[in-house]
Each structure stands twice: as structure tokens, then as C-alpha cells.
Amino acid sequence: MAVYTEVDDKALADFLADFDLGPAIAFKGIAEGVENSNYLLETAKSRFILTLFEKRVNEEDLPYFMGVMDHLALKGFPAPLPVKANDGKALRTLCGRPAVIITFLTGMSLSRPNVEQCRDLGIGLAKFHDALSDYSGSRKNSLSVDAWHPMFKGREKEANAINAGLTSHIQSDLDELKANWPKDLPSGVIHADLFPDNAFFLDDKLTGVIDFYFACNDALAYDIAICLNAWCFEDSRGEYNVTKGRAMLAGYQSIRPLEDAEKDALPILCRGAAMRFFLTRLVDWADTPRDALVRPKNPIEYAEKLGFHRNAKGFFDYGG
Ligand SMILES: Nc1ncnc2c1ncn2[C@@H]1O[C@H](COP(=O)(O)OP(=O)(O)O)[C@@H](O)[C@H]1O
Ligand SMILES: N[C@@H](CCOP(=O)(O)O)C(=O)O
């Protein structure tokens with residue numbers, strides 16, 4: 001489970017003393033998630049999520065992420081709100097880690113999104129981009145194209161162990177991505193990790209979005225590419241469901257129509273998005289001890305998605 005840092009009763013009580021929430025009446029670690037430690041916290045006032053930030057999160061980026069959530073709340077977008085302590089600040093330290101309490105969102109995350117849910121996710125993603133179009137914070141995408149070659153360096157054997165011959169495919173993908181990565185597309189704040197486990201639904205309607213800790217400023221269409229990868233493939237077989245892709249793109253474009261340059265760039269953006277998640281999964285797969293409580297995600301799923309993108313010719317292959 002994703003609890004890297006244990007919080008004992010005394011540490012929690014001292015931490016809560018700085019808030020106007022009252023003492024904890026329930027507190028337990030959350031199994032889902034892989035990046036940070038998350039606890040479900042309940043006080044007489046309400047339910048909350050307590051997050052302690054771990055390995056991939058740079059402390060200097062935390063004010064940007066808190067600002068994104070505050071800004072979304074201001075715009076009425078369904079996202080959690082960081083809870084301010086008595087000194088007016090949400091960001092604190094707990095058990096030696098940066099920590100925050102955020103409000104709890106109700107809703108269910110989907111294990112197998114249907115076509116209508118993909119459409120509503122597309123609508124929600126465009127509204128998310130729109131809501132943050134006047135957010136003044138800025139953060140570079142530290143997991144974009146320049147990071148990929150260095151991330152793969154030294155991992156060649158590990159990739160071949162997953163699938164014989166994979167390393168040479170990855171190396172040529174990396175070269176092609178570097179040479180053809182699009183510049184000057186419409187940009188803004190992107191979520192950058194809007195997977196089904198970070199979205200809540202009630203029936204076919206998106207009711208909430210969580211986990212903004214990869215958010216950054218980048219091409220808006222790259223966020224669509226991440227979502228097409230995460231929502232529109234059937235299980236882990238590398239089979240793209242064009243009906244789901246068409247619905248997501250139509251949903252998105254009902255709020256923000258794509259420019260021609262964004263449509264043209266979609267295949268390479270999708271390939272890059274698949275590479276980004278393949279690489280972080282490969283690193284975690286190789287570096288997580290077998291007896292760890294956190295179960296790393298299998299990189300093979302994204303190696304298979306890369307296979308689809310390598311052969312895609314244009315926007316129409318994605319349902320455009
Ligand atoms: N604001 C929230 N409301 C309700 N549940 C939440 C909220 N934030 C996180 N969760 C729960 O905690 C889990 C892990 O959160 P997430 O932010 O995805 O962790 P990580 O950053 O480690 O990937 C989610 O899958 C969800 O079940
Ligand atoms: N979505 C990423 C892993 C990051 O985990 P999350 O729990 O923060 O969504 C992946 O699937 O590789």
C-alpha cells in the first residue's frame with residue numbers, strides 16, 4: 001500500500017493541534033496510489049485526506065500544486081481544497097516530510113471506463129485547462145522529452161528482460177521523439193497524470209479530479225495524449241479503442257476545439273506520453289524491493305501502447 005511514512009498517534013495529535021478541525025476520530029492508511037503516503041482522516045468536522053509527500057515530489061514545487069487546487073476551487077472545478085492551518089498556511093511538516101490536509105471528495109474511480117465516461121472525461125479535461133488558463137504559477141515539466149534519454153540510460157538490460165528486443169525499439173523511439181517533439185503548441189497548466197484512478201465518477205458523469213502532484217506547464221494537447229493512453233486502451237493488450245478515443249476527443253473539443261497543429265501533433269504526443277509512463281514504471285519496477293508494501297505498475301502495458309503509436313499515421317488513428 002502507499003504508506004511510506006508511518007504517522008503515530010502523538011505525531012498526528014500534535015499536527016492537528018495547529019488546525020481548527022478537532023481531534024481525529026478515525027485515521028487509516030490508504031492502499032491506492034504509488035507516489036505519496038496518503039491517510040484517510042476523519043474529525044468531528046468532516047473527512048479529509050492527509051498526504052505526506054515522498055520521493056518524486058520536489059518540495060519547492062508544493063506551493064505551485066497548492067495554488068492549482070486553490071485556483072480550481074475558486075473556479076468551481078471539482079477538486080480537493082488544501083485545508084489552511086490556524087496560521088493561514090496549508091503546507092506543513094509531519095514526521096520529517098512535507099504534508100498537507102485536503103478535503104475529501106466523494107465518488108468512485110473506474111476500473112474500466114466506458115465510451116460515455118471517456119467523453120465526459122474529455123469535457124472535464126477541457127474545463128480543467130480552461131479553469132487554469134489564468135493561473136499565474138508556472139512549473140516546467142520535469143518528466144518531458146529532455147528527461148527521457150537520461151532516464152533510460154543504464155536500464156537497457158532491464159528493458160530487454162521485460163521483452164527481448166525491447167531496448168532497440170525504445171532507443172529508436174527516444175531518438176525519433178527527440179528529433180520531432182513539437183514546439184509552440186497552445187500551452188497552459190496540465191494535470192499530467194489524469195488516469196482513471198485520479199478521477200471520480202457518479203454513473204457517467206465526472207464528479208471530481210485528484211492528485212495534482214505532476215501538474216506543470218506544457219502543451220495542452222499533451223494532456224489529451226496522456227488521457228488517450230490511460231483511458232482508451234483495452235486492458236493491457238495494447239489495443240486502442242477508437243470509439244473511446246473519438247468520444248474523448250469530441251468531448252474535449254465541445255469545450256475547446258483543437259488547432260490543426262495540435263491535431264497533427266497528436267500521434268507524436270501520444271507516443272511521448274506512452275514513453276513517459278513506460279520509463280517511470282520501468283524505473284519503479286526495477287528499483288522497488290520485492291518485499292515492499294507498494295506494488296509498482298507493470299511497464300509492459302506502456303511498451304505495448306508504444307507499439308500502437310509507432311504505427312499511427314495521423315489524428316484519424318485516434319478517432320479524430
Ligand atoms: N481528495 C480526495 N478525496 C477522496 N479520496 C482521495 C482524495 N485524494 C486521494 N484520495 C484517495 O487516495 C488514493 C491515493 O491518492 P493519490 O493522490 O492518487 O496518491 P499518489 O499521489 O500516491 O498516487 C486515491 O486513489 C484515492 O482513493
Ligand atoms: N499514473 C502513473 C503512476 C502515478 O500514480 P498515481 O497513483 O499518482 O496516479 C502510472 O500509471 O504509471
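The C-alpha centres of domain 1 and domain 2 lie 27 Å apart. Domain 1 covers 9-103 and domain 2 covers 115-318 of the protein chain, with bounds that come from an automatic or database domain assignment. This is a predicted model, in which local features need pLDDT of at least 70, side-chain atom pairs count only at pLDDT 80 or more, and totals for chains, interfaces and linings use all residues. Residues are numbered from 1 along each chain as its sequence is written, while chains are lettered from A and ligands numbered from 1 in the order in which they are written.

The average pLDDT (the predictor's confidence in each residue, from 0 to 100) of the protein chain is 95, and 98% of the residues score at least 70. For the complex, the predictor gives an ipTM of 0.95 and a pTM of 0.96.

Between the domains, 18 residues of domain 1 are in contact with 19 residues of domain 2; contact requires C-beta atoms, placed from the backbone, within 7 Å. The side of domain 1 that touches domain 2 has 11 nonpolar, 3 polar and 4 charged residues. Here Ala, Val, Leu, Ile, Met, Phe, Trp, Tyr, Cys and Pro count as nonpolar, Asp, Glu, Lys and Arg as charged, and the others, Gly among them, as polar.

Both ligands have residue shells, in which a residue is near a molecule if its C-beta atom, placed from the backbone, lies within 6 Å of it. There are 18 residues around ligand 1, and Glu32, Gly33, Glu35, Pro80 and Asp211 come nearest. By class, this shell has 10 nonpolar, 4 polar and 4 charged residues, and at least three residues come from each of domain 1 and domain 2. The surroundings of ligand 2 include Gly33, Glu35, Asp193, Asp197, Asp211, Arg281 and Lys297. That shell divides into 3 nonpolar, 3 polar and 6 charged residues. Ligand 2 lies between the domains, because domain 1 and domain 2 both give residues to its shell.

The largest nonpolar core has 82 residues, of which Ala221, Ala225, Cys227, Met248 and Leu269 touch the most other members. Helix α9 (residues 260-287) gives the most to this core, with 12 residues, and the core draws at least three residues from each of domain 1 and domain 2. Such a core is a set of buried Ala, Val, Leu, Ile, Met, Phe, Trp, Tyr and Cys residues joined through C-beta atoms within 7 Å. Helices (H or I, at least four residues) and strands (E, at least two) are DSSP runs, numbered from the N terminus. Not counting residues up to four places away in sequence, alanine 221 touches Leu185, Leu258, Glu262, Ala265, Leu266 and Leu269.

A residue is buried if 20 or more other C-beta atoms lie within 10 Å of its own, exposed if 12 or fewer, and partly exposed in between, with C-beta atoms placed from the backbone.

| Residue | Burial | Other C-beta atoms within 10 Å |
|---|---|---|
| Alanine 192 | buried | 22 within 10 Å |

Alanine 192 lies in the loop between β6 (187-190) and β7 (199-202), and its phi is near 75°, a positive value in a residue other than glycine. Aspartate 203, in the loop between β7 and β8 (205-209), has a positive phi of about 50°. Most residues other than glycine have a negative phi.

Leucine 81 is found in the loop between α2 (62-74) and β4 (92-94). Leaving aside neighbours within four places in sequence, leucine 81 is in contact with Met69, Ala73, Ile102 and Thr103.

Terms used:
Contact = placed C-beta atoms within 7 Å.
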